Amino acid sequence: MNSDKSNKSPSGVTPDRKPTVRKSGASRPAAQDTSPVGKTSAGKKAAVNASPEKPAAAKKAVTKKAAAKKAVAKKAAAAAEPVPAKKAAAKKTAAKKTAAKTAAAKRSAATKAPAKKAPAKKTPARKRESRAAMVRRAHQINRELAELYPYAHPELDFTNPFELLVATVLSAQTTDLRVNQTTPRLFAVCPTPEDMAAMEPERLEELIRPTGFFRAKTKSLLGLSAALRDRFGGEVPGRLEDLVTLPGVGRKTANVVLGNAFGVPGITVDTHFGRLARRFGWTTAEDAEKVEADVAAIFPESEWTMLSHRVVFHGRRVCHSRKPACGACAIAPLCPAYGEGETDPEKAKKLLKYELGGQPGQRLKPPADYPGQPAPPMAPPVGAS
C-alpha cells in the first residue's frame, strides 16, 4: 500500500512507466537528487568517505591520554572527599597514644637522669720529663717530707714483733686508730702465739669485732699463731720468705714487720702510698708489687722504710684521696698533680688532719717526739659499768 501512495502524482493519476530493461553487467545510473536535503546528505557522505582514516597508533595514544586524565580526575576526587568518620577517629586515637608515649618517655628520662653536677675542675696537664729529672724530683720530695715529718713512725701500737704482726693483720679494711683501741684487751688475754692459738674462735671473734671482718681475721690469727708455735718455735721469723707463708700475711704486712720490728728495709705499699706514688709521677702502676718495684728502683734501700712512713703520713694528713689540700701542701711546687684538690690556702688549711689540723693522732701511746695528742681509748659499751 505504501508504494502505491508514493507513486501517485499530485493530481492523483498514476503515470505510465515503460519497463526498463537492464543489460547484463551494466551498472544502473544513480538517481540524481535535486532537493537541497538530498544534496547535503550526499555531500556529507562524500566528505566522510573522502577523509583518510586515522592511523591505529594515533587512536591508541588518544585512548591512553584519556585514561590518564580519568585516573588523575579520580585521584583528585578521592583527595577532595572527606575522610570517613571512623578513619578520622582512628587517626586521632593513634596520635593521642603517640603523644602519651612521648610524654611518658620524657618523664621517665627526667626521673632517671641524675642532677646536673657542676663541671669538674680540669687538672692541669702534666709536663713530660726525662727519667733523670723525675728521679731528682723524687729525691727532693723525700727530703722535703723528711723536714715536714721528722717524727714519722708506724702508727700501730706494739711492743714486740708478734704484737706488730697481729696489729698489721687487723688493720686491713679499717683504721690504725680502731686497731690501737682494740689490741690492748686482745693482748691482755693472749700475749703470745701459744695463747692465741689455744683460744676459742668465738672468744677471739668477740675481742676483735670492732675492727670489722672479724670472722676472716679470726681465722688468719688462729692460723698464723699455730704456724708460729709449730714451725718457728713461737717466734716471728725475720725473713720475707718465711713471713709470707703465714696465713693472712702478704708482702705489705711482711715489709711492715721487717722494717719496724727487725730493721730490715722494706717499702710498705698501702692505699695512701700507692696513691701518692702515682700523683708524684713515680709510677703509673695500680698493682702493689709493681708500685713497690718502681719506687725501689728510684730510692736507695736505706731510705725504703722511712720513705714509706713519710709518704703515708703525708697521704693521711694532706694529700687525701677525694680532696687533697693542695693549697696547704709544702711540696706543691714539686708535685705534678697540683691542682687536683683545693688550692685556696685558707680552705685547704681546714682540710688538714691529725696533728696538722689540731686533732689527736692514731696511737694511744705515740713516740715521745710526736707533736700531737695521743688518741683516746675506745669508749666502753653502752650499759657497761
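Here are some questions and answers about the predicted model shown above.

This is a predicted model, in which local features need pLDDT of at least 70 and side-chain atom pairs count only at pLDDT 80 or more, while totals for chains, interfaces and linings use all residues. Residues are numbered from 1 along each chain as its sequence is written, and side-chain values use heavy atoms, with hydrogens and water left out.

Q: What distance separates the end C-alpha atoms of helix α5?
A: Helices here are DSSP runs of H or I with at least four residues, strands are runs of E with at least two, and both are numbered from the N terminus. Helix α5 covers residues 131-148, which is 18 residues. The expected span is 1.5 Å times one less than the number of residues. For α5 that should be 26 Å, and the distance between its end C-alpha atoms agrees, at 26 Å.

Q: Which element do the buried residues of α5 pack against?
A: Let's take burial first: buried means under 20% relative accessible area, exposed over 50%, and partly exposed in between, with a 1.4 Å probe and protein chains only. In α5 the buried residues are Ala 133, Met 134, Arg 137, Ala 138, Ile 141, Asn 142 and Leu 145. An α-helix has 3.6 residues a turn, so residues three or four places apart point the same way. The buried residues of α5 pack against α15.

Q: Is Arg 137 buried or exposed, given its relative accessibility?
A: Arg 137 forms a salt bridge with Glu 129, and their closest N and O atoms are 2.6 Å apart; a salt bridge here is a side-chain nitrogen of Lys or Arg within 4 Å of a carboxyl oxygen of Asp or Glu. Glu 129 counts as partly exposed because its relative accessibility is 38%. Arg 137 has 11% relative accessibility, so this residue counts as buried.

Q: What is the volume of the largest cavity?
A: On a 1 Å grid over the protein atoms alone, a cavity is a set of points where a 1.4 Å probe fits but cannot get out, a pocket is an open set with protein on both sides within 12 Å along at least five of seven lines, and lining residues have an atom within 4 Å of a point. Points are joined across faces, edges and corners, and a volume is the space filled by probe spheres set on them. The count comes to 1 cavity of 30 Å³ or more. The largest cavity has a volume of about 110 Å³.

Q: Which element gives the largest share of the lining of the largest pocket?
A: The largest pocket has a volume of about 720 Å³. Of its 32 lining residues, the closest to the centre are Asp 176, Asp 270, Thr 271, His 272 and Arg 316. Two or more lining residues come from each of α12 (251-262), α13 (271-279) and α15. The largest share, 6 residues, comes from α15.

Q: Which residues is Lys 323 in contact with, leaving aside its neighbours within four places in sequence?
A: Lys 323 is found in the loop between α15 (304-317) and α16 (345-349), and counts as partly exposed because its relative accessibility is 45%. Its C-alpha is 5.0 Å from that of Gly 341, 18 residues apart in sequence. With contact meaning heavy atoms within 4.5 Å, Lys 323 is in contact with Glu 342 and Leu 351.

Q: What is the phi of Phe 213?
A: Phe 213 has its place in the loop between α9 (201-208) and α10 (214-231), and is exposed, with a relative accessible area of 55%. Most residues other than glycine have a negative phi. Phe 213 is not a glycine, yet has a positive phi of about 50 degrees.
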